[in-house]
Amino acid sequence: MAKIGRNSLCPCGSGKKYKRCCESREKEMRKSVPPAGRTRYEPGSYGDTGEFFPSLLCYKESDPDSWEEYYCLVKSDVCFEDEDSATAAATSHLEAAFSSMHAGGSPVDVAISLRHEGYQKLDQFRVISGKNE
């Protein structure tokens, strides 16, 4: 993940300088310990009828070989007309975020990378399995 200059525009898209927006929050994120247990992400789309947003559903391991929905991240600043395009964008963003782990980064670096890409956590979400449901 490239270093962001303090006086650069914040990658979250707020229009503010990084030092006045996300810098302090990200410093705190880097100090924090990731939650215990394992998590995994599943790329997908969030929306309906011609308005689909790239999304990432995070699952946490509740028991060995048992996963439950934990939270959903959505990139709401870009919209696609079809689910497949939104899912492809989410897949690409997730792969780029995890490339930081392969370069010696941590799970926190993955979270920050997704944040810089514009993903935001949804407080309430509904999961629909499969198409045409």
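In this predicted model, D77 counts as exposed, because its relative accessibility is 59% and the threshold for that class is over 50%. D77 forms a salt bridge with K75, and the closest N and O atoms of the two residues are 3.0 Å apart. K75, by contrast, is buried, with a relative accessible area of 8%.

K75 also pairs with E117 in a salt bridge whose closest N and O atoms lie 3.9 Å apart. This second pair links distant parts of the chain, since K75 belongs to strand β3 (residues 66-75) and E117 to helix α3 (residues 107-117), 42 residues apart. E117 is partly exposed, at a relative accessible area of 33%.

The whole structure contains six salt bridges. One of them joins R38 to E61, with the closest N and O atoms 3.7 Å apart. R38 lies in the loop between α1 and β1 (39-48), whereas E61 is in strand β2 (residues 51-63), so the pair ties together parts that are 23 residues apart in sequence. Both residues are partly exposed: R38 has a relative accessible area of 49%, and E61 has 25%.

Attention now turns to the cysteine. C10 is located in the segment before α1 (23-31) and is buried, with a relative accessible area of 5%. Leaving aside residues up to four places away in sequence, C10 touches K16, K17, Y18, C21 and C22. Of these contacts, C21 is eleven residues from C10 in sequence, and the two C-alpha atoms are 6.6 Å apart in space.

Methods:
Residues are numbered from 1 along each chain as its sequence is written. This is a predicted model: local features need pLDDT of at least 70, side-chain atom pairs count only at pLDDT 80 or more; totals for chains, interfaces and linings use all residues. Side-chain values use heavy atoms; hydrogens and water are left out. Helices (H or I, at least four residues) and strands (E, at least two) are DSSP runs, numbered from the N terminus. Buried means under 20% relative accessible area, exposed over 50%, partly exposed in between (1.4 Å probe, protein chains only). Contact means heavy atoms within 4.5 Å. A salt bridge is a side-chain nitrogen of Lys or Arg within 4 Å of a carboxyl oxygen of Asp or Glu.
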